Amino acid sequence: MMQDLAKRSRSITSLRDFLEMLGDAGQAITWSDRVMPEPDVRNIAVAASRDANGAPAILFDNIAGYPGKRTAVGVHGSWDNIALLLGRPKGTTIRELFFEIAGRWGDAAAQISTVPEGQAPVHECRIESGINLYDVLPVYRINEYDGGFYLGKASVASRDPEDPDNFGKQNVGIYRLQLQGPDSFTLMTIPAHDMGRQILAAERTGLPLKIAVMLGNHPGLAVFAATPIGYEESEYSYASAMMGAPIRLTTSGNGIDILADSEIVIEAEMVLGERVVEGPFGEFPGSYSGVRKAPIFKVTAISHRKNPIFENIYIGRGWTEHDTLIGLHTSAPIYAQLRQNFPEVTAVNALYQHGLTGIVSVKNRMAGFAKTVALRALSTPHGVMYLKNLIMVDADVDPFDLNQVMWALSTRTRADDIIVLPNMPAVPIDPSAVVPGKGHRLIIDATSYLPPDPVGEAHLVTPPTGPDIDELSKKIRAMQLGAAQ
Amino acid sequence: MSQTVCPRCTTSGAVDDYQGKEDGKVVWTIHRCPTCCFSWRDSEPASAIGLGIRSADFAVDAANLDRYPKILQQ
């Protein structure tokens, strides 16, 4: 069974393959009752995401006004779906999934295969004139006060305008895109993100910035498009290495490497120097972003598969698909990057609001050592902007078990054993920032007291553990069930 | 210029971007305001698109569009 799942996971090349795998495991359903684009699609997506462990993907095929079109939400919307993506059974714990991903990090060599354009499923249908995005995309308003219709799960591929032949510097990232008419959209990013760097470079040099927006993608890429890896590292290579399987690429009409099996690819070019009103958008901290003026892109062509599936995401106040999509892929690179300097780090839980709060467990070598590790965490690529609250715990505390974390906070934290770093970089959409983009960081040292601290480690109670206790738990549960009957 | 009024910034002149059709019959229309860039579908609940019903917290000030900052400045 486990081997079958692992094999099946490695054979996935597309969203369709994964939806079929999820369906076979009872993790995907088709919603064929007629729904209105608003508010029904949002309502159903939110209702599903209440179950972070077991929510199924939902495929809508009867949306009013969009006859024949299909929309998928919640594809990465539960830990069970993430487990299946990794070839692990439903019910695998979050801790096990973390170590599964961390164990695969940079482990295998990337396998990239190239599919000729004429044979790539994504190019089955092609639109080069009379473009109207609404003809292809059954969009709906994700949150009630969003400024428009958003693509919330688009993987945007682009080349570095100053080094267009460099495969590694080609970027794939998830950025929110707001439709701005039949053939235009705005893209929201920040200077720290790879796309922000490329936009600034294009406008500084006057070089064109062409992009390919991939929708309905290989589920392994979607997680990496949202993962903070180095600027010169390829998201395609990471996705292939993690899946232990080849990633099939082809070329878009505007010369960018894209997934050969994506459902829809929109080719576009940035209008240099132009900004138009964008937002608000219900973002991952659970609040709306402000209204700003963002770069605008003109669509030059659309490719899509026959009968394409438009994949989107519900994002807002957690838990949502956003949290299960990127939570572990936010945690794993921080873990890998920390362990390069500090092999004492034993696990990282940055599941909360894209790592605005993170918990790091570390073998404490000396008094205060955990704080040193925390400061290193702040200088990881993701930590620079996102790690706002860090809770440091000992290696005997499982950071994925919040009861244990609360025990560490209760028993190993002194009120003066915290660090506040004022006026640090902050994610502009963090509603607690002093001003958007600038805020304070908090490090709570909830590790034990080691020399030369005079208190020393407490004499800990060691509760009985092991197979005997596991058996007793099962017996108690069985007796309880018996008593209820 | 169309008479369609934007429920967000209350200026007129919204354009029609798309009509959802079933069996040749229009079931809804997507409008876009060229002033504040708000897009909406005329079938949405009044709480989101009703002029005077929508939350004022999400209004856009059409007379002061300069107050909205441009991102990614050199």
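This is a predicted model: local features need pLDDT of at least 70, side-chain atom pairs count only at pLDDT 80 or more; totals for chains, interfaces and linings use all residues.
Two packed helices are described by the angle between their axes and the distance between the axes. In chain A, the axes of helix 5 (residues 94-104) and helix 10 (residues 321-341) come within 9 Å and cross at roughly 55°, which makes helix 5 of chain A oblique to helix 10 of chain A. The crossing of these two helices is right-handed. On the side of helix 5 of chain A, the contact is made by A:Ile94, A:Leu97, A:Phe98, A:Phe99, A:Ile101 and A:Ala102, and helix 10 of chain A contributes A:Leu328, A:His329, A:Ser331, A:Ala332 and A:Tyr335. Of the residues in this contact, 9 are nonpolar and 2 are polar, whereas no charged residue takes part.

A:Ser158 lies in strand 7 (residues 155-158) of chain A and is buried, its relative accessible area being 0%. The side chain of A:Ser158 is joined to that of A:Gln198 by a polar contact of 2.5 Å. Leaving aside residues up to four places away in sequence, A:Ser158 touches A:Gln198 together with A:Lys169, A:Gln170, A:Asn171, A:Met195, A:Lys210, A:Ile211 and A:Ile256.

Helix 9 (residues 235-243) of chain A is largely enclosed by the rest of the structure, because 8 of its 9 residues are buried; these buried residues are A:Glu235, A:Tyr236, A:Tyr238, A:Ala239, A:Ser240, A:Ala241, A:Met242 and A:Met243. At the start of helix 9 of chain A, the backbone nitrogen of A:Tyr236 has a side-chain oxygen of A:Ser234 within 3.1 Å, and after the helix comes A:Gly244, with a positive phi near 65°.

Note on methods. Residues are numbered from 1 along each chain as its sequence is written. Chains are lettered from A and ligands numbered from 1 in the order in which they are written. Side-chain values use heavy atoms; hydrogens and water are left out. Axes are lines fitted to C-alpha atoms, for helices over the stretch in contact, and angles run from 0 to 180 degrees between N-to-C directions. Helices (H or I, at least four residues) and strands (E, at least two) are DSSP runs, numbered from the N terminus. Angles under 35 degrees count as roughly parallel, over 145 as roughly antiparallel, 65 to 115 as roughly perpendicular and the rest as oblique. A crossing is left-handed if the near helix is turned anticlockwise from the far one by less than a right angle, and right-handed if clockwise. Contact means heavy atoms within 4.5 Å. Ala, Val, Leu, Ile, Met, Phe, Trp, Tyr, Cys and Pro count as nonpolar, Asp, Glu, Lys and Arg as charged, and the others, Gly among them, as polar. Buried means under 20% relative accessible area, exposed over 50%, partly exposed in between (1.4 Å probe, protein chains only). A polar contact is a pair of N or O atoms within 3.5 Å; within protein, one must be able to donate a hydrogen and the other to accept it, and residues adjacent in sequence count only if both atoms are side-chain atoms.
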